[in-house]
Amino acid sequence: MAFVQFSQVSLAFGDRDILKNVSVNLAAGSKAALTGANGAGKSTLIKVMAGLVQPDSGTRTAQKDARIAYLPQSGLTHHGCTLREEADKAFAFGYTLMRELDDIGDKLAAGEGSNKGLLERHSAILQELENSGWNRRAGTAEQILIGLGFSHADLDRNTEEFSGGWQMRIALAKALMVNPDILLLDEPTNYLDIEARAWLEKFLGDYKGGFLLVSHDRYFLDHTINEVYELFNGDLKRYPGNFTHYEKVREVELETLIAQYNEQQAEIAKLEDFIRRFGVKATKAAQAQERQKMLDRLKENEIVIPESLKKIHFSFPQAPHAGRLVATLEGITKSYDGSHNVIEKLDLIVENGERLVVAGHNGAGKSTLLRIIAGVDSASAGTIKLGAGVSIGYFSQDNAESLTGSQSILELLENEAPLELIPRLRDMLGAFLFRGDDVFKPIDVLSGGEKSRVALLRLLLRPVNLLVLDEPTNHLDMHSKDVLLDALKSFGGTVIFVSHDRGFIEGLATRVLELTPGADHGHWRNFVGGYAYYMQRLEDEAAGLVPGDSNEKKGKSLSPGVQAALSPTPLSPGGKPPSPQASAGKQSWEEQKKQEAERRKLEREVTRLEEAIAQTEEELAAAQNEMAKPEVYSNGEKAKAAQTKIDAISAKLDELNAQWEEAAGKL
């Protein structure tokens, strides 16, 4: 069985320990994720495992002839050949083995060496080629490239024609093609859209070898891995189960550590206060010096809490008031060349409070539509009308390009943030991965990813009521995505967004607009419901369980009341009166919206009850702790009163749990 393993591996950069006596084993069937805070050393650990970085001590062992494929986060480019030819380079090992077969044939013909040894090696090579899929390499390469989003036409394009993100897809495809024994993937999902992520998820599910990957996509991890390695302060610890299970176990495990951390921080503050007040007084100098020694010892062993456990929340500035209709789009058509319509005759109404995700494959026009809504681009035909009082905040990766200047990140945001948010800027910057002295970095020295995060945070500080967000989770880690998601869910306005992070979409979207590219025009469909409903609908359509020509298929995007107000005879996207089947579909659509409203109401009720249950459980714990005090349980009158209180809280808790079960059952 192929394997790669560490034993007591250590590595330091200067005075910082990256790895401290780390041991890990990857073999066929290993499906592992590597997690840890930014800067913890995850990429370094993977490079050591790939044999690209030598450790200071310990041993790295790999089985002889084991094929190990490594994909870095970024930086790989390809040029000088077509995509098909570049893909074939992934099978270089096979060409080497074929040359060895030729050499063996020549030696056998010449009578050189041991016939038995040569024949055994010849048989072993043939077996290795068969196991590697060498004879099926052309089909394998095409299948993987298409799965990762390339088209058949792309196969004969020169590789230098592809952008940086597609260059990394080529590198990922090559790593997968060779059917390696061990896969080491550092952020493989960074440059993948949601369809390519789903394909990779299935590929890894069927993969027979072992893999270790780093990703900030919780949904992707939950559906691909069965063990998690956490790198924290140089130590590596294994947790069995998927990523969500790891987070739950880790949170419980660290409750004691957090309590110790809070206690230690209080003691540090107390010592520092004493030294500050009495350090200069002669009568207290000796005591101050003693406390300084105590403080130094504490700081030498200071407890560090992972950033992911520091619960950071922020809320948007108050969204300005807007009417019920936020945006009305009628007949929106967009063409860049005059003949091919990226979007054609799109009708859409966005109502206040909606969380609309625009879905579709690359090239379907998602970013184009967002630019049109934001007023950054114009439509070739059709009209867009914003509701009264609507103010737009628009984010795209291009926002970062306009950020320049010598001022620091903190100075930039302090100059633009509302006064009430200025005291929380350091926490918010921390949530967006700017920690410690990072906040003092000048804007001009920031990387593209850092500028993108600054641009996003800068936007979120402005009082707007319509957020148009194109890939807001790019360059964010899992903790930052959670902070952003919580803030957007409590945002008082409307959100229209595009994202490739399925967990983020499912957590936010209340409605889906699907764009589909066509040969000469862009199709679109509207789905009233969350993303999980949308994906289930697609599965049902593919299985033939529901028809594909329903009202959703025909793209009716206007709410029933608005449809009636705008046009007594609603038109289909092609401009023709709807057929009887479409009218029947409309009734189904209206019922869908009613059911969705009821579902959201139930979700709110379940959330309210869960919060009430949590609060009541805290009250019960406090009452029980009070009963446990000697001065209470030893006093008959006090004990009776305490027990009465416990009984009342318990009865309240039982009632809340019963209500929760009823609401959850309906949901």
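Me: Which residues touch the most other members of the largest nonpolar core?
Reply: A nonpolar core is a set of buried Ala, Val, Leu, Ile, Met, Phe, Trp, Tyr and Cys residues joined through side-chain atoms within 4.5 Å, and buried means under 20% relative accessible area with a 1.4 Å probe, protein chains only. This is a predicted model, where local features need pLDDT of at least 70, side-chain atom pairs count only at pLDDT 80 or more, and totals for chains, interfaces and linings use all residues. Residues are numbered from 1 along each chain as its sequence is written, and side-chain values use heavy atoms, leaving out hydrogens and water. Among the 49 residues of this core, the answer is Leu 467, Leu 488 and Phe 497.

Me: Which helix gives the most to this core?
Reply: Helices here are DSSP runs of H or I, at least four residues, numbered from the N terminus. With six residues, the top contributor is helix H15 (residues 448-460).

Me: Why do the buried residues of H9 line one face of the helix?
Reply: In helix H9 (residues 243-253), Phe 243, Tyr 246 and Arg 250 are buried. Seen down the helix axis, using directions from the axis to the C-beta atoms, these buried residues line one face because they fall within an arc of 50 degrees.

Me: Which residues are exposed on the other side of H9?
Reply: Exposed means over 50% relative accessible area. On that side of H9, the exposed residues are Lys 248 and Val 252.

Conventions: Helices (H or I, at least four residues) and strands (E, at least two) are DSSP runs, numbered from the N terminus.
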